[in-house]
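This report describes one protein structure for a reader who has not seen it before. Please look over the sequence and the model before reading on.

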Amino acid sequence: MTAAGTFPMTHESGGVWVAVLEPLEQGHVPDYRLEVTYEGQTPQPADDPYRYLPTIGELDLHLIGEGRHERLWDVLGAHVQHYKSGMGDVDGVSFAVWAPNAQAVRVKGDFNGWDGRQHSMRSLGSSGVWELFLPGVLAGACYKFEIRTRDGYWVEKADPMAFGTEVPPLTASRVVEPSYAFKDAEWMEARAGRDPHNSPMSVYEVHLGSWRVGLSYRELAKELVAYVKWLGFTHVEFMPVAEHPFGGSWGYQVTSYFAPTSRFGHPDEFRYLVDELHQAGIGVLLDWVPAHFPKDEWALARFDGEALYEHADPNLGEHPDWGTLIFDFGRSEVRNFLVANALYWLDEFHIDGLRVDAVASMLYLDYSREEGQWQPNRFGGRENLEAISFLQEVNATVYKTHPGAVMIAEESTAFPGSPRPRARAAWASGSNGTWAGCTIRSSTFPRTRSTAAGTTAPSRSPWSTPTRRTSCCRSATTKLCTARVRCCARCPVTAGSSWPTCAPSWATSGRTRASN
């Protein structure tokens, strides 16, 4: 059916029906619909996905191939589209996925009875990208990709670029159409003019799933914001919120890098949580895990039947301690995936900084490996040059595109230059995370202590003047200690004092950190 009328189709073979139409506008595919009749049923109108041109342009494909698409999430994944048409406006979803080793890719979901045979995707040449627009699919739909490997078998995979997921243990990806409007313009403008490396920062670290069990993002936006503001911290640091199947991992084994966990609500509700923190004058840091990912067969592992996101060499691609896979930091498309992911959290969710997890495991080829399980780099050293180059790239890109944001390394080996800001660093981290592990009580806590004579205020506060000490919190470096609790039994500052060795139970619902 076209605007010019209805034209019959003829059956060619194997269920293929054919019609030849004159274009209404020279050089353009006519706007048409199908009218399908099944025996004993009335005719049903249907839209043909294959009449739509690809939604990814040549420039996008070039940047993907170069590994330089800083907004990769704008073109890959599932995107709700709205088209104007003379035969009626069209709403649908464009699907795109990178699977260069695949023979074929199909999309299946609750919109086609989970039968991928109905919607085979188109290969966009040597880019390795597969794409298809499906009219009629709406936000909230669940989907997966079916990928035919070079060996000829089919694997079912969640979308690496999914913006939402089903609630674990379910594993399907979900179509998301963001609609939240941030109200933190004043915070973002002030942040852009601030130097985070020379500004005071006290950080309250929290695992959203166990801080107060059962709260949604919206409920956290009320209770957590009030609590952190009352304590007087400048920032909160969320343990990873990217989707992960096993809650016991605290989020450190990620399967959907672009999707805030659905355990606590919609991605827009996570935006609301960040927005409320900003409006309360509290910055938001996020634990980010580019070092490794789990082996779940429905996720990134051997995504198109072969090592793709992970390094093919087990000595470089598998972590012996954690049973996880290590990203191939030397592959441009994989680096692009991770760099874009860092920018995605900063751009789409207004995150103020990323604390990069497990950096030490990325920096060294021999990390947790015995002799014979690793090979020196081309200079004969133990440094992972590809990982270091990736860290340099992600830091340089973040600092270029998001003024006032900060990158923090969880790096406990004192790698040269890692705590220095920007270009002066060996890999240009904004801050070093070797201070992680101290439990610092907020300055709003009552400054009293228990003695044999009762509870009294100390004549001289042991935390009023910073004391130089040797930290025992995973670091051998000398620091200025302002802790009002003893971090460990070996601490020379608090040795022999009557201060408790841990914070009161009501104050331990989150870990806290401080840095100078």
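## Terms for the residue classes

In what follows, Ala, Val, Leu, Ile, Met, Phe, Trp, Tyr, Cys and Pro count as nonpolar, while Asp, Glu, Lys and Arg count as charged. The others, Gly among them, are called polar.

## Overview

The model is a predicted one. The protein has nine helices and 29 strands. It contains 516 residues, and 51% of them are buried. Among contacts between residues at least 6 apart in sequence, 67% join residues at least 24 apart.

The structure has seven cavities of 30 Å³ or more.

The lining of the second largest pocket divides into 18 nonpolar, four polar and four charged residues.

## Packing of helix 7 and helix 9

Helix 7 packs with helix 9 (residues 385-401) at an angle of about 30°, and their axes are 10 Å apart. The crossing of helix 7 with helix 9 is right-handed.

On the side of helix 7, the contact is made by R335, L338, V339, A342, L343 and L346. On the side of helix 9, E386, S389, F390, E393, V394, T397, V398 and T401 take part. Sorted by class, the contact of helix 7 with helix 9 has eight nonpolar, three polar and three charged residues.

## Backbone exceptions

Most residues other than glycine have a negative phi, and most peptide bonds are trans. Which residue here is not a glycine and has a positive phi of about 45°? That residue is R302. R302 sits in the loop between strand 19 (292-293) and helix 6 (314-317).

H350 is not a glycine either, and its phi is positive, at about 60°. H350 belongs to the loop between helix 7 (332-348) and strand 22 (353-356). Is H350 buried or exposed? H350 is buried, because its relative accessible area is 16% and buried means under 20%.

The peptide bond from P168 to P169 is cis, with omega near 15°. P169 is in the loop between strand 12 (164-165) and strand 13 (173-174).

Methods. Residues numbered from 1 in each chain as written. Predicted model: local features only at pLDDT ≥ 70, side-chain atom pairs only at ≥ 80, totals over all residues. Heavy atoms only, no water. Helix = DSSP H or I, 4+ residues; strand = E, 2+ residues; numbered from the N terminus. Buried < 20%, exposed > 50% of the residue type's maximum accessible area, 1.4 Å probe, protein only. Axes fitted to C-alpha atoms, helices over the stretch in contact; angles between N-to-C directions. Left-handed = near helix turned anticlockwise from the far one by under 90°. Contact = heavy atoms within 4.5 Å. 1 Å grid on protein atoms, 1.4 Å probe; cavity = no way out; pocket = protein on both sides within 12 Å on 5 of 7 lines; lining within 4 Å. Points joined across faces, edges and corners; volume = space filled by probe spheres on them.
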